[in-house]
Amino acid sequence: MGNFGIWVLTICLIFQSGYGFYLPGSYPHKYVVGDYLSVKVNSLTSIDTEMPFSYYSLPFCKPPEGVKDSAENLGELLMGDRIENSPYRFKMYTNETEIFLCQSDKVSADDFKLLKKRIDEMYQVNLILDNLPAIRYTRKEGFMLRWTGYPVGVKVQDVYYVFNHLKFKVLVHQYEETNVARVMGTGDAADVIPTEGSDVPGYMVVGFEVVPCSVMHNGNLVKNSKMYEKYPSPIKCESTTVSMPIKEGEPIVFTYEVAFEESDIKWPSRWDAYLKMEGSKVHWFSILNSLMVITFLAGIVLVIFLRTVRRDLTRYEELDKEAQAQMTEELSGWKLVVGDVFRAPSNPALLCIMVGDGVQILGMAVVTILFAALGFMSPASRGTLITGMLFFYMILGIAAGYVAVRLWRTIGCGDHKGWVSVSWKAACFFPGIAFLILTTLNFLLWGSHSTGAIPFSLFVILLLLWFCISVPLTLVGGYLGAKAPHIEYPVRTNQIPREIPAQKYPSWLLVLGAGTLPFGTLFIELFFIMSSIWMGRVYYVFGFLFVVMILLVVVCAEVSLVLTYMHLCVEDWKWWWKSFFASGSVAIYIFLYSVNYLVFDLKSLSGPVSATLYLGYSLFMVLAIMFATGTIGFLSSFWFVHYLFSSVKLD
């Protein structure tokens, strides 16, 4: 009972860590009153098409110094983020109204068509200030909804209106030297942190809100106006009314206003507003319920399983030698396949390669999620999650090579021949499939001129990372695997394979059905992950995801063990591939769930290109999951079969 209490306490603590602990992502930036604040723009995004486009692909105002790209990491580029400078700029703690930005050129037929298309496809403009995305509040049925970004425009009664006036609100918090010293954890912080100008009050940006308005401007009034000058007449910004229709051959005038407001929000808490986005409030109880059911089920499976195996072993070992001799003819179940249980499977090299790649993917997932749960990959640090995954995947090439070659030598009873070939194939098999899928999807994105398309230079970088880091590390792992002693089988394999009796049910039916149990641990969390990827919501409960992942590993191992034991009991000794696909079949259910999500949750997804992109990325994700879960099942079954037959003297 005491142990049970400790387990409950541990689970409660883990669940508490599930509440999105994160590091703020960058150090506080101190701005003195009057300092310039520059707003940046990210790609235009839409949940209707899932294809990002450059902000300046539409006729918006450009900064006087010209458009410049911000330095982006590998993860940001792969996610389709293109962060550029914008003409919007503020002075710290200086409220300004009716600022003229620019008058666009006359809207050409092509621009008119493009603007209407982007408004129909519900594209959002994403602005960033001091690393914070602009947030927009709307009221619906008495509830306050939060959104990141604002729409390009709106369609009302077949007329298209553009949002040409932006009302910004910047929330600031007074800069506190003492807090920074404490955050940085230095004993004598005065020596470490420069304190010049500390008598001048400084501020940190802790919130960035935007209200888009469609205001009818008179182009003639601003013919001679320059950027950042005062607009000649008062501007009334009403978010509920629209009055600036887009007309072909007429220019659009853009203006903005900004107000600063002091806030109680402290620097480390400034991302809280984004983590409470509509839809990202995790249904704790339903996840808890799912975890409890699965844990209970896994416990029952384990108890039945241990009792059955132990009873079989005990009964067999209690017999004396004479009784054993008499019973040789009457042996039933798994003891009969003793001479065939370690017979090499069909396509042994492919199995070794898939298991090696599975170890690499599983290792990458566990390490990445653990780092994210500890707060090292916060949503404030854009692209770090993808960059981290790539880094860990490359480093774990050593594990892929080692496991693939050692398993290859075990199946070949210690033969070294062919280990280089197995290492090479392990280094190229999954990355090759991934490269094929992503290149195909990239051609679709290139054809659509989307910023989601991976630039050619990045393709070259990815190929160099693959062949200059991942492949050599996998070969090093293969060399270590070739040097390591192979695993010796506890029993000898007969020359002639034993005939497998006819089964009442096809064994593959059981294998496919086995995937439902691991899917049960995943499917609720899967909804939130899918919403994060496709609906633009922030996913931050990595503590929960880590718990779900541990449970998934346990359930995959148990399901595969039970199925392997069932197959051996009916004298089916071909367990190698079945143990891999027993837990790997969860991928089929995840793919079916992805299709279901496309049909019912992404109803607005428009066009065959968008649907192809969605299904292509889903297929890539599902293959990775199949390799990882299949590997868990196979390795646990291999250990179990080895343990089972080494526990009983069957010679």
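The close-up views below come from a predicted model, in which local features need pLDDT of at least 70, side-chain atom pairs count only at pLDDT 80 or more, and totals for chains, interfaces and linings use all residues. Residues are numbered from 1 along each chain as its sequence is written, and side-chain values use heavy atoms, with hydrogens and water left out.

**View A. Strand 3 and its pairing with strand 2.** Strand 2 (residues 36-41) and strand 3 run antiparallel and are joined by five bridges. Strands here are DSSP runs of E with at least two residues, helices are runs of H or I with at least four residues, and both are numbered from the N terminus. Two strands pair if DSSP finds at least two bridges between them. One of the contacts involves lysine 40, whose bridge partner in strand 3 is asparagine 85. In a regular strand the side chains alternate between the two faces of the sheet.

**View B. The disulfide of cysteine 61 and cysteine 102.** The whole structure contains two disulfides, a disulfide being a pair of cysteine sulfur atoms within 2.5 Å. In this one, cysteine 61 is joined to cysteine 102 with an S to S distance of 1.9 Å. The link is left-handed, with -85 degrees about the S-S bond. Cysteine 61 lies in the loop between strand 2 and helix 2 (74-78) and cysteine 102 in strand 4 (residues 96-103), so the pair ties together parts that are 41 residues apart in sequence. Cysteine 61 counts as buried because its relative accessibility is 4%; buried means under 20% relative accessible area, exposed over 50%, and partly exposed in between (1.4 Å probe, protein chains only). Cysteine 102 is also buried, with a relative accessible area of 14%.

**View C. The disulfide of cysteine 213 and cysteine 237.** The sulfur atoms of cysteine 213 and cysteine 237 are 1.8 Å apart and form a disulfide. This link is right-handed, with 55 degrees about the S-S bond. Cysteine 213 is in strand 14 (residues 202-213) and cysteine 237 in the loop between strand 14 and strand 15 (253-262), so that distant parts of the chain, 24 residues apart, are linked. With the bonded cysteines of the chain numbered in sequence order, the pairing reads 1-2, 3-4.

**View D. Salt bridges.** Nine salt bridges are found in the whole structure, each a side-chain nitrogen of Lys or Arg within 4 Å of a carboxyl oxygen of Asp or Glu. Arginine 343 and aspartate 340 form one of them, with their closest N and O atoms 2.7 Å apart. Arginine 343 and aspartate 340 are both buried. Salt bridges with shared partners join Lys117, Arg118 and Glu121 into one network. Within it, the side chains of lysine 117 and glutamate 121 meet at 3.5 Å, N to O. Lysine 117 is partly exposed at 43% relative accessibility, whereas glutamate 121 is buried at 14%.

**View E. The salt bridge of lysine 155 and aspartate 158.** The side chains of lysine 155 and aspartate 158 meet in a salt bridge of 3.9 Å, N to O. Lysine 155 counts as partly exposed, at 41% relative accessibility. Aspartate 158, at 64%, counts as exposed.
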